[in-house]
Amino acid sequence: MGHSHGHMGHHDHGHGHGHAHGHSHAPADFGRAFAIGIVLNAGFVVVEAAFGFSYGSMALVADAGHNLSDVLALMLAWGASVAAKQAPSGRFTYGFKSSTILAALANALLLAVAVGAILFESIRRLFEPSEPQGMVMVVVASVGILINAVTAWLFMRGQNDLNIRGAYLHMATDALVSAGVVIAGLAIILSGFWWIDPLVSFAIVAVIAWATWGLAKDSITMGLLAVPASIDVGEVRAHLASLEGVDAVHDLHIWPMSTTETALTAHLVMPNATAGGSLQDGAGQANADSFLHDVTDTLQERFGIGHVTIQIARDPKNCGIGC
């Protein structure tokens, strides 16, 4: 509900803080999905790495390394999701919502480390070849496809949350990587060419690097408090300027509080903001409250902006710093 405070003196302006109601701001609960994904993938990492080293398949080892980074990524994402739901405190007035952005960035860094490790080992294997067992690759990687696909499916409905999307991308990419290992195993069985194995590991590196770049770019952009890609700041400004009684929009800021929540502050110049009464009487207060409530509801419904702070200024000279 919006509210407005009037101040008498040299300047007369109203401040309104409005938060739309009826909309859920908290991240969806993916606790069960995280728990299942971590258990399944941790177990598979051990099995896949063991078979990879035992039978000389660098593709299996590479896939296991990627899966290990996924387990760590899922743990980070889960921890961030839990932290984001903690109540604000005296020092952390936003709570720990931005931890989801940090987790997404950490996941991107983990992927980058995995890329480097797999690339190094793949190059080494080219100079120290060993003959992998194609059928072992096919069987183990097929299990990997199933596990990764199921885990990715658990996170499919959370694509609007960068933190959850990071977890989804990890698992979906792994499913594709495992499919590549299956193809490599079949190719080795049919042709007998050992070099197919490290070649596939290079392809795996390329796939991981592509996913890493997208996740890193989005998380860094969020960390720099850029306007979320889904929001057109020009459209938001035009909407606010079109409101009845608004002469100008100053000092408009839109930034992500977390991977799912967006905040906005703005100064609205409204010379006749309290038509029907001054800020000091009941009629003026009711008008201001109604206006702020309508603005916050509309911003939530049209743009998905759930945390809104509006300052109403009668005189454009009094709208504050940054106008």
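Visitor: Leaving aside its neighbours within four places in sequence, which residues is Val181 in contact with?

Guide: Val181 is in contact with Ala59, Leu60, Asp63, Met137, Ala141, Val200 and Ile204, where contact means heavy atoms within 4.5 Å. This is a predicted model, in which local features need pLDDT of at least 70, side-chain atom pairs count only at pLDDT 80 or more, and totals for chains, interfaces and linings use all residues. Residues are numbered from 1 along each chain as its sequence is written, and side-chain values use heavy atoms, with hydrogens and water left out.

Visitor: Why is Val181 called buried?

Guide: Buried means under 20% relative accessible area, exposed over 50%, and partly exposed in between (1.4 Å probe, protein chains only). Val181 has a relative accessible area of 0%, so it is buried. It lies in helix α5; helices (H or I, at least four residues) and strands (E, at least two) are DSSP runs, numbered from the N terminus.

Visitor: Why does Leu186 count as partly exposed?

Guide: Leu186, also in helix α5, has 41% relative accessibility and therefore counts as partly exposed.

Visitor: What makes the nonpolar patch on the surface, and which residues form it?

Guide: Met135, Val139, Leu186, Ile189 and Leu190 form the patch, with about 520 Å² of accessible area together. Helices α4 (134-154) and α5 (162-191) are the elements that give two or more residues to it, and α5 gives the most, with three. Patch residues have over 30% relative accessible area and no salt bridge; nonpolar side chains (Val, Leu, Ile, Met, Phe, Trp, Tyr) are joined within 5 Å, like charges within 9 Å. A salt bridge is a side-chain nitrogen of Lys or Arg within 4 Å of a carboxyl oxygen of Asp or Glu. Accessible areas come from the Shrake-Rupley method with a 1.4 Å probe; for residues, only the protein chains shown count as cover.

Visitor: Why is strand β3 described as largely enclosed by the rest of the structure?

Guide: Seven of the nine residues of β3 (residues 248-256) are buried, so the description holds.

Visitor: How many bridges pair β3 with strand β4?

Guide: Seven bridges join β3 and β4 (residues 262-269) in the antiparallel sense; strands pair if DSSP finds at least two bridges between them. Ala248 stands opposite Val269 in β4, and the two strands form a hairpin with five residues between them.

Visitor: Why does the span of helix α6 agree with expectation?

Guide: The expected span is 1.5 Å times one less than the number of residues. The 28 residues of α6 (residues 196-223) should therefore span 40 Å, and the end C-alpha atoms are 40 Å apart, which agrees.
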